[in-house]
Protein chains: 2
Amino acid sequence: VSTVPGFVAAGLHCGIKDSGAPDLALVATADGRPVPAAAVFTTNLAPAAPVQVSRAHLEATGGLASAVILNSGNANAATGQTGREHAEDMCALVADGLGCRPEEVLVCSTGLIGIPLAIGAVEAGVGPLLAARQPTGFPAAAVAMMTTDASPKEVLHRGDGFVVGGIAKGAAMLAPHMATMLAILTTDAEARPDELRAALLAAVADSFNALSIDGATSTNDTVIALAAGRAGPRPGLPLVMADACAELATLMADGAEGATKRARIRVLGAASADDARRAARKVAESQLVQCSLYGGDPYWGRIVSELGSAGVAFDPDRVSIAYGAVEVCRGGVDAGHDPAAALAALAGREVAITADLGLGGGAAVVTTTDLTPEYIAENMRTS
Amino acid sequence: VSTVPGFVAAGLHCGIKDSGAPDLALVATADGRPVPAAAVFTTNLAPAAPVQVSRAHLEATGGLASAVILNSGNANAATGQTGREHAEDMCALVADGLGCRPEEVLVCSTGLIGIPLAIGAVEAGVGPLLAARQPTGFPAAAVAMMTTDASPKEVLHRGDGFVVGGIAKGAAMLAPHMATMLAILTTDAEARPDELRAALLAAVADSFNALSIDGATSTNDTVIALAAGRAGPRPGLPLVMADACAELATLMADGAEGATKRARIRVLGAASADDARRAARKVAESQLVQCSLYGGDPYWGRIVSELGSAGVAFDPDRVSIAYGAVEVCRGGVDAGHDPAAALAALAGREVAITADLGLGGGAAVVTTTDLTPEYIAENMRTS
């Protein structure tokens with residue numbers, strides 16, 4: 001089992017979920033003392049209580065944290081002042097147990113919105129959770145973060161003399177800025193809070209923020225990085241952190257609700273990088289393109305239509321589109337390709353779609369999945 | 001059968017569709033002479049050939065037209081220069097038959113993108129189509145416009161001393177600016193081209209452009225209005241045209257692919273009318289909200305989340321949400337409502353969702369549908 005020197009973790013069932021599944025998790029420094037910390041939060045203007053509290057705590061400490069407590073089964077969102085008090089309670093209880101200040105504890109929640117948190121169950125669970133913390137506790141923490149995730153998401157990436165570990169959850173409401181997703185990155189490398197923040201922002205931009213399953217930006221999205229420092233300063237940290245986030249994002253796409261395919265939508269030749277990102281997202285979030293992916297149908301007309309309505313510079317006579325290595329559209333019209341080759345390029349679990357706008361040097365990649373009846377079945381009723 | 005004085009119409013099978021279903025339609029003035037005409041076209045930057053040709057024709061005549069020829073079964077989009085020549089051919093053949101100029105004929109196509117039009121079949125069909133035109137031909141024309149529409153869409157609205165008739169198609173790729181939709185409005189009222197255009201723009205804004213099923217803005221969207229003038233000037237024309245467009249948009253939502261429910265998303269109290277429109281569209285286009293509609297699930301948390309990520313001014317502590325007359329969220333938290341009443345408000349085929357942002361006087365309504373497995377089944381394969 002993977003460990004990250006300087007950190008402990010734990011996960012257990014405290015009583016939020018009726019199913020009895022694990023629903024409370026902890027990641028903490030081994031000695032309970034604060035270390036440099038950075039976070040990226042949802043851009044949703046209705047942020048959940050734990051997002052509000054974690055953001056305030058990180059500002060109060062100037063980028064230090066000893067622990068993150070997480071619960072699944074309830075988002076503690078749209079819960080008003082009571083919700084904020086519950087989130088503060090969670091931090092205070094952990095701080096008591098670790099011997100740190102409440103502001104040095106961050107909090108994440110995921111689950112249904114608008115329902116009061118079963119705070120009594122959480123309060124009763126914090127003691128056992130703290131008692132269970134250990135260096136090999138990350139898998140248990142990853143399980144306790146899960147909502148509709150089919151499996152826990154945990155990665156460990158090794159750099160030159162250090163490691164970056166990551167645990168995450170995310171199965172729906174997955175869109176840039178950010179998915180309904182939580183991720184905690186830990187490393188034994190040393191980094192100042194500002195260095196850690198810069199590395200995290202770059203890693204998130206190319207991973208979680210380049211993932212769009214259903215265009216929904218949730219109320220609770222949070223990515224937190226903690227650097228324990230035991231391994232000393234390591235110039236490779238940003239790169240390894242980016243790799244860890246990229247793998248977690250891939251795991252999210254592979255485990256997205258109902259998904260049977262993962263597609264990388266690459267836009268090249270856009271007038272700008274921003275145009276490329278917008279165009280790739282428009283294609284990635286298209287219900288009709290996602291339906292075609294599900295059916296393995298090489299109907300590129302929908303891709304042209306989405307590119308043309310993405311709000312970016314576009315010349316239909318210059319666009320070319322390829323499925324894998326099979327060019328299906330050139331100069332805005334059918335490329336005269338082999339239909340069997342196009343079908344074959346869409347047959348696998350992983351699909352690559354490339355659109356070259358032929359206008360400039362802007363490029364971007366967005367990952368998405370197909371839209372399936374199972375996605376609807378999972379989301380048509382919550383109670 | 002409804003007629004509009006001054007107009008004739010027809011519809012038949014010419015051979016574009018393998019199924020043998022009608023695929024070629026005509027709406028023309030009874031005497032073949034041009035009358036004031038106005039049109040609204042897709043904002044997609046990859047407009048289909050018929051959109052390019054119709055736009056150019058309308059500019060060349062300064063807003064006059066004798067006829068519209070329409071085909072279904074092929075969008076004549078992403079077909080390059082050949083596609084434009086085919087669209088011009090269609091207009092020229094109709095002009096020959098009517099004795100008007102080619103620029104006085106407009107053309108609309110709907111169907112699959114990226115496939116060359118079977119122009120031979122169309123050319124052979126124009127003669128019989130012209131021969132079949134008659135005042136009672138609108139139902140046949142409405143049938144020949146259909147693609148995946150479950151039923152033809154035809155309306156007739158009576159004003160004070162005049163009528164407005166409308167035929168339309170539209171079942172998917174339905175989003176503002178505009179749906180994959182075609183609509184032809186005819187009236188015996190008299191109007192100058194600029195008056196007709198103003199009336200049409202206003203009518204479209206509150207009907208077709210306030211409809212979003214799947215967020216897709218197609219390559220072929222076209223709404224055309226023709227005013228034969230026999231009834232003389234009628235101040236009530238804009239209002240009756242708006243009513244006709246609203247009914248056609250409602251028919252599109254009711255007949256949208258796989259839909260089992262139609263929902264009116266009303267946003268009140270926004271900081272501006274534009275904010276209200278953007279917020280209503282974000283909720284209407286949400287896959288997760290559409291899944292909840294399908295399940296009849298009163299999970300208002302998804303609505304708060306969409307409002308918070310709509311890119312508009314938003315204060316989560318001020319928002320209230322109602323299903324029908326049942327307020328489910330007040331001040332950003334659960335309103336303590338009767339769950340059975342909320343369920344009942346979502347049980348019917350028509351659902352009303354109101355979100356009051358509590359910030360200002362901006363208001364807007366967008367109509368949408370639920371997202372169902374049948375939508376996926378209809379769109380997963382095109383060939």
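In which strand of chain A does A:Thr110 lie? A:Thr110 belongs to β6, a strand that covers residues 105-110 of chain A, where strands (E, at least two residues) and helices (H or I, at least four residues) are DSSP runs numbered from the N terminus. The model is predicted, with local features requiring pLDDT of at least 70, side-chain atom pairs counting only at pLDDT 80 or more, and totals for chains, interfaces and linings using all residues. Side-chain values use heavy atoms, with hydrogens and water left out, while residues are numbered from 1 along each chain as its sequence is written, and chains are lettered from A and ligands numbered from 1 in the order in which they are written.

**Chain A overall**

- Chain A contains eleven helices and 16 strands, and its radius of gyration, taken over C-alpha atoms, is 22 Å, close to the 21 Å given for 383 residues by the globule rule, so chain A is as compact as a globular protein of that length. That rule is 2.2 Å times the number of residues to the power 0.38.
- Taken along the principal axes, the box filled by the C-alpha atoms of chain A is roughly 70 × 50 × 35 Å.
- Of the 383 residues of chain A, 60% count as buried, a class that means under 20% relative accessible area, with exposed meaning over 50% and partly exposed lying in between (1.4 Å probe, protein chains only).
- Among contacts (heavy atoms within 4.5 Å) in chain A between residues at least 6 apart in sequence, 79% join residues at least 24 apart.

**Individual residues**

- A:Thr110 counts as buried at 2% relative accessibility, and its side chain is joined to that of A:Lys169 by a polar contact of 2.9 Å. A polar contact is a pair of N or O atoms within 3.5 Å; within protein, one must be able to donate a hydrogen and the other to accept it, and residues adjacent in sequence count only if both atoms are side-chain atoms.
- A:Cys329 is found in β13, residues 326-330 of chain A, and counts as buried at 0% relative accessibility.
- Leaving aside neighbours within four places in sequence, A:Cys329 is in contact with A:Trp300, A:Val304, A:Val319, A:Ser320, A:Ile321 and A:Ala335.
- A:Ala78 has a positive phi of about 55° although it is not a glycine, and it lies in the loop between β5 (67-72) and α2 (80-98) of chain A. Most residues other than glycine have a negative phi.
- B:Ala78 likewise has a positive phi of about 55°, is placed in the loop between β5 (67-72) and α2 (80-98) of chain B, and counts as buried at 16% relative accessibility.

**The interface of chain B and chain A**

- Chain B and chain A bury about 4200 Å² between them, 58% of it on carbon and sulfur atoms, where buried area is the accessible area (1.4 Å probe) that two parts lose on being put together, summed over both.
- In chain B, B:Leu45, B:Gln287 and B:Ile376 lose the most area to chain A, together 15% of what that side buries.
- Contacts link 53 residues of chain B with 53 residues of chain A.
- Ten residue pairs (both at pLDDT 80 or more) are in polar contact between chain B and chain A.
- On the side of chain B that touches chain A, at least two residues each come from α8 (287-295), α9 (301-308), β14 (333-334) and α11 (373-379), and α8(B) gives the largest share, seven residues.
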